[in-house]
Amino acid sequence: MKIAIIGGGNMGGAIAKGIAAGSLVPASDLTVTAHTQQTLDKIKGYDPAIRTTLDNREAVQGADLVVLAVKPWLLEEVVKEIRGGLDYRKQAVASVIGRSSFEELGKLLDNGSGVMPVMYRIIPNTAISLGESVTFIAEQGAPKERLDELVSIFSELGQTVVVKEPMMGPGTSLASCGIAFALKYLDASIQGGVELGFAPEEARAVVMQTMRGALEMMNLNGTMPQTEIDKVTTPGGMTLSGLAAMEESGFTEAVKAGLFNSK
């Protein structure tokens, strides 16, 4: 599959880096665009075989899948720029822009021919560059074999979840925004460690390894968090006291507020 990524910024660049490092799409079958040569040079640093260009219309020529990874306010302008050069019978279009619905994308892509391309909405998180993303995919008009091929590509880069379009918003909150929420907890823990007397790098190392251990216990034991919490809490103990203080400060509700406000 030949893939053109329109927009090589944080997300588009992360997708390009992850796909190029995988085994299913040769780096030479990736084309990435950007506004500046500096950004394209960064993309080339991931793999010199990746094709780069400042010309969006040139990039989409011959691509099987065109991935729109631009800022939301640039979407209309970019689609108008490339629309005339797309063959909707052969080329599929995907958006990684969180709030661009199939309805909106379809209106922008409408060229008056009565033919519409296969469309995807793809929401990964930035860990895709390391092959550790959670990626949500929704499709409109995709044959099963084409959807399966796309899922295979992104499954090399972490966990892939195929959903109906209404679940793309919740998926964005839980996994795409969620990576920032997880990092916010780590940041608060590191700050707390420093206030307890650890050097910043010591606190960082301890917190990261503690998180790895918690995740590995859940993974190997097939448990939910509360099961593992129960194993380390005793009545009147330090852990239970700390958890109570977190809840008194509204920890769980604050996390849920972040999820619901980012939908």
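## Salt bridges in the model

Six salt bridges are counted in this predicted model. Side chains of opposite charge can pair when their charged atoms come close.

## A pair within helix α4

Glu 76 and Lys 80 are joined through their side chains by a salt bridge, with an N to O distance of 3.2 Å. Helix α4, which spans residues 75-82, holds both partners; they are four residues apart, about one turn of the helix. Glu 76 has a relative accessible area of 41% and is therefore partly exposed.

## A pair between distant parts of the chain

Arg 121 and Glu 165 form a salt bridge in which the closest N and O atoms are 3.1 Å apart. This pair links distant parts of the chain, its members being 44 residues apart: Arg 121 belongs to strand β6 (residues 119-123), whereas Glu 165 is in the loop between β8 (158-162) and α7 (168-176).

The two partners can also be described by their accessibility. Arg 121 is buried, because its relative accessible area is 6%, under the 20% cut-off. Glu 165, with a relative accessible area of 25%, is partly exposed.

## A pair within helix α10

Glu 228 and Lys 231 form a salt bridge, and their closest N and O atoms are 3.3 Å apart. Both residues lie in helix α10 (residues 225-231), where a spacing of three residues corresponds to about one turn of the helix.

Lys 231 counts as exposed, because its relative accessibility is 53%, over the 50% limit. Glu 228, at 8% relative accessibility, counts as buried.

Technical notes:
Residues are numbered from 1 along each chain as its sequence is written. This is a predicted model: local features need pLDDT of at least 70, side-chain atom pairs count only at pLDDT 80 or more; totals for chains, interfaces and linings use all residues. Side-chain values use heavy atoms; hydrogens and water are left out. A salt bridge is a side-chain nitrogen of Lys or Arg within 4 Å of a carboxyl oxygen of Asp or Glu. Helices (H or I, at least four residues) and strands (E, at least two) are DSSP runs, numbered from the N terminus. Buried means under 20% relative accessible area, exposed over 50%, partly exposed in between (1.4 Å probe, protein chains only).
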